[in-house]
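This report describes the packing of nonpolar and aromatic side chains in one protein structure. The sequence and the structure are shown first.

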Amino acid sequence: MERIEHHASFGGRQEVWRHASSTLGCEMKVGVYLPPAALRGERCPVLYWLSGLTCTEQNFITKAGAQEHAAQHGLIVIAPDTSPRGSAVADDPAYDLGQGAGFYLNATQAPWATHFRMEDYVVHELPAWVEQHFAAGGRRGIFGHSMGGHGALTLALRHPGRYASVSAFSPIVAPGQVPWGQKAFAAYLGEDRNAWAAHDAVSLMAAAPERLPLLVDQGEADEFLSTQLRPELLQAACTAAGHPLALRMRPGYDHSYYFIASFMGEHVAFHANALVPARTT
């Protein structure tokens with residue numbers, strides 16, 4: 001592993017690391033924000049961010065404004081790349097498939113299955129790496145945007161007990177019913193719709209064994225709202241299953257990091273409420 005960036009930020013330090021991933025069979029870059037408490041050696045909860053289509057670790061760490069809030073609440077924030085990368089890794093000319101579009105699942109179809117194992121990477125290998133090398137405690141939260149919002153919801157639903165909190169900005173809630181998800185799922189998982197349902201938050205909701213409260217923010221001016229995101233499907237699934245959901249529709253906001261940054265503090269505080277033990281006097 002190699003630290004390739006480090007910047008002082010709100011009393012803590014924003015770093016970027018490169019490490020070899022045995023799960024993905026390539027090198028991965030990861031943004032790591034260490035709050036002041038972690039630099040003092042205190043064990044801190046870890047909040048994992050999953051980015052959307054075309055993003056790398058850079059989009060979140062430079063645009064979301066999370067560092068101030070993470071410093072305040074004493075949270076380590078981890079932002080991995082969105083897919084395996086490299087000349088040996090399968091790719092596609094389109095922006096919504098291949099490198100930059102891992103969809104946070106384990107591919108089963110050629111040529112993707114060799115490297116595209118983002119579920120195993122995010123759920124298992126990445127936390128093990130973080131908890132070995134940084135002042136990380138055992139409590140974890142997860143959140144993300146768009147494709148990463150899909151990843152946050154589905155990974156929390158598929159791995160009960162792994163995360164203490166989950167939230168999302170503009171998530172793809174029903175990938176099996178929208179073009180982005182249908183294209184990716186057909187390529188990565190084949191044509192078996194049952195395999196698709198196992199990575200679809202709306203489909204997973206009915207049988208969810210855990211009832212982690214969900215916080216979702218969605219911009220009403222988002223250009224992908226009606227065609228790719230469909231938050232009303234998640235709301236209906238949660239209502240039917242009796243699953244707690246706070247869906248906040250935000251007038252005037254679009255799909256960009258301007259939207260994410262506007263409500264980042266509220267999301268970090270939501271996670272801190274679940275992750276940071278209450279202080280007693």
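## Cores and aromatic pairs

Tyr253 has a relative accessibility of 29% and therefore counts as partly exposed; the term covers values between buried, under 20% relative accessible area, and exposed, over 50% (1.4 Å probe, protein chains only). The model is predicted: local features need pLDDT of at least 70 and side-chain atom pairs count only at pLDDT 80 or more, while totals for chains, interfaces and linings use all residues. Residues are numbered from 1 along each chain as its sequence is written, and side-chain values use heavy atoms, with hydrogens and water left out.

Phe259, at 0% relative accessibility, counts as buried. A search of the whole structure finds 16 aromatic pairs, that is, rings of Phe, Tyr and Trp (its six-membered ring) whose centres lie within 6.5 Å; planes under 30 degrees apart are stacked, over 60 edge-to-face, and the rest tilted. Two of these pairs are set out below.

| Pair | Centre to centre | Angle between planes | Class |
|---|---|---|---|
| Phe103 and Phe185 | 6.3 Å | 75° | edge-to-face |
| Tyr253 and Phe259 | 5.8 Å | 45° | tilted |

Both Phe103 and Phe185 are buried. Phe103 is in the loop between β5 (76-80) and α4, and Phe185 is in helix α6 (residues 179-189), so their pair ties together parts that lie 82 residues apart in sequence. Helices (H or I, at least four residues) and strands (E, at least two) are DSSP runs, numbered from the N terminus. Among the residues that Phe103 touches, beyond those up to four places away in sequence, are Leu53, Met147, Trp180 and Tyr188; contact means heavy atoms within 4.5 Å.

Tyr253 and Phe259 also belong to one aromatic cluster with Trp49, Phe60, Phe143, Phe169 and Phe263. Arg250 lies over the face of Phe263, at 3.9 Å from the ring centre; this requires NZ of Lys or CZ of Arg within 6 Å of the ring centre and within 35 degrees of the ring normal.

A nonpolar core is a set of buried Ala, Val, Leu, Ile, Met, Phe, Trp, Tyr and Cys residues joined through side-chain atoms within 4.5 Å. The largest one has 70 residues, of which Ile78, Phe103, Val122, Val130, Ile142 and Tyr188 touch the most other members. Helix α4 (residues 118-133) gives the most to this core, with seven residues. Another core, of 23 residues, lies apart from it and includes Ile61, Ala70, Leu75 and Phe259.
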